[in-house]
Amino acid sequence: MRPRGGKPITLGPISEDEARRYLEAQERRERRDPRGAAQQPPGFLPLATVVARWLADCRARLRAKTVKRYETHAAAFAAGGLPVDTRIGMISSADVQAFRDARRAAGLSALTVNHDLTALGQVWAWARKQVPPLVEHDVDPVGGVGRLDVESPEPAHCTPELHAAVTTALRAEVRFCERADSAWIRALAADVIDMCWWTGWRLGEVTRITAGDVDRARWTVPIRSARNKGRAVNWPLPAEVVPVLKRRLRRLKPEHHVFGLAGGADAYVALNIFR
């Protein structure tokens, strides 16, 4: 080192303490981001802090209804015995499995516990995508924990007597409605009643079915609704409605609505008066 206008200065040997302080200061500088904030190594933050940051990011991006659901899952993390005060890098699959078993032992349904695990997995996925990452990229204690088996309830059996009583009453209301002034709309309403009864679909889902949607080999229909988030889900048709579809599919073009008005137009508005 040479001062301005002077002779070179020779630095003497530095002590071990000075070298340690220099290395620590250099390490602190290397951990700073461009804005000057100190960066912690991956896995250093407690899980509770990571979850709080994840929820804050969700509030900025997602709808309030979705955020509320995530907040419910986040509250369950601590209630289920998950060590939220532990550094996220120290949490193992055994901790997550113990959380899963504790939630199930508390009387929660298997589906609810699986939803908790899905939300917890989203926390880890979000933490890996941060810059710098909050967890190591190859660490995923949630993915190694299996989901609980969800038992599908048996569908309620519908007796022919119950079906006849309900549909007869509905058809009587349609018949005597002052707006049902023609035989064809009464017949259309009767078929729609059968479809809604046997499938459990809503009026809009039934009236949107076109002739091209019906798979006549397997007798399935793609249903698009808000519950499916706009995606088409193929649903098998009950045997009770197949004769109705066979009768209505005669002489229909693929773009025509199966339960539609003359010319194949959508009949939702015309049938909505009977709701």
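This report describes the fold, helix packing and selected residues of a predicted model.

## Basis of the description

Residues are numbered from 1 along each chain as its sequence is written, and side-chain values use heavy atoms, with hydrogens and water left out. Because the model is predicted, local features need pLDDT of at least 70 and side-chain atom pairs count only at pLDDT 80 or more, while totals for chains, interfaces and linings use all residues.

## Overall architecture

The protein chain holds 10 helices and two strands. Helices are DSSP runs of H or I with at least four residues, strands are runs of E with at least two, and numbering starts at the N terminus. The order of elements from the N terminus is α-α-α-α-α-α-α-α-β-β-α-α.

Of the 275 residues in the protein chain, 33% count as buried; buried means under 20% relative accessible area, exposed over 50% and partly exposed in between, with a 1.4 Å probe and protein chains only. Among contacts in the protein chain with a separation of 6 or more, 54% come from residues 24 or more positions apart. A contact means heavy atoms within 4.5 Å.

## Helix α3 and its surroundings

Helix α3 covers residues 64-79. At 1.5 Å a residue, its 16 residues should span 22 Å, and the end C-alpha atoms are 23 Å apart, which agrees. The expected span is 1.5 Å times one less than the number of residues in the helix. After α3 comes Gly 81, which has a positive phi near 90°.

The buried residues of α3 are Thr 66, Val 67, Tyr 70, His 73, Ala 74, Ala 76 and Phe 77. Their cover includes α2 (47-61), α4 (93-105) and α5. His 73, in helix α3, is buried with a relative accessible area of 11%. Leaving aside residues up to four places away in sequence, His 73 touches His 115, Asp 116 and Ala 119.

Two packed helices are described by the angle between their axes and the distance between the axes. Axes are lines fitted to C-alpha atoms, for helices over the stretch in contact, and angles run from 0 to 180 degrees between N-to-C directions. Angles under 35 degrees count as roughly parallel, over 145 as roughly antiparallel, 65 to 115 as roughly perpendicular and the rest as oblique. For residue classes, Ala, Val, Leu, Ile, Met, Phe, Trp, Tyr, Cys and Pro count as nonpolar, Asp, Glu, Lys and Arg as charged, and the others, Gly among them, as polar.

Helix α3 packs against α5 (residues 110-129) at an angle of about 95°, with the axes 9 Å apart, and the two are therefore roughly perpendicular. Tyr 70, His 73, Ala 76 and Phe 77 of α3 meet His 115, Asp 116, Ala 119, Leu 120, Gln 122 and Val 123 of α5. This α3-α5 contact has six nonpolar, three polar and one charged residue. The axes of α2 and α5 come within 10 Å and cross at roughly 85°, which makes α2 roughly perpendicular to α5. On the α2 side the contact uses Leu 47, Val 50, Val 51, Arg 53, Trp 54 and Asp 57, and on the α5 side Ala 119, Gln 122, Val 123, Trp 124, Trp 126 and Ala 127. By class, the α2-α5 contact has nine nonpolar, one polar and two charged residues.

The axes of α2 and α3 come within 10 Å and cross at roughly 175°, so α2 is roughly antiparallel to α3. Val 51, Trp 54, Leu 55, Cys 58 and Arg 59 of α2 contact Val 67, Tyr 70, Glu 71, Ala 74 and Phe 77 of α3. The α2-α3 contact has eight nonpolar, no polar and two charged residues.

## Helix α7 and Met 195

Helix α7 (residues 183-199) contains Met 195. The 17 residues of α7 should span 24 Å at 1.5 Å a residue; the end C-alpha atoms are 24 Å apart, which agrees. Buried residues of α7 include Ile 185, Leu 188, Val 192, Ile 193 and Met 195. Gly 200 follows α7 and has a positive phi near 80°.

Met 195 is buried at 1% relative accessible area. Not counting residues up to four places away in sequence, Met 195 touches Gly 200, Trp 201, Val 206, Ile 209, Leu 237, Val 241 and Phe 259.

## Cysteines

With a disulfide taken as a pair of cysteine sulfur atoms within 2.5 Å, the count is zero disulfides. Cys 58 is buried, with a relative accessible area of 1%, whereas Cys 196 counts as partly exposed at 23%.
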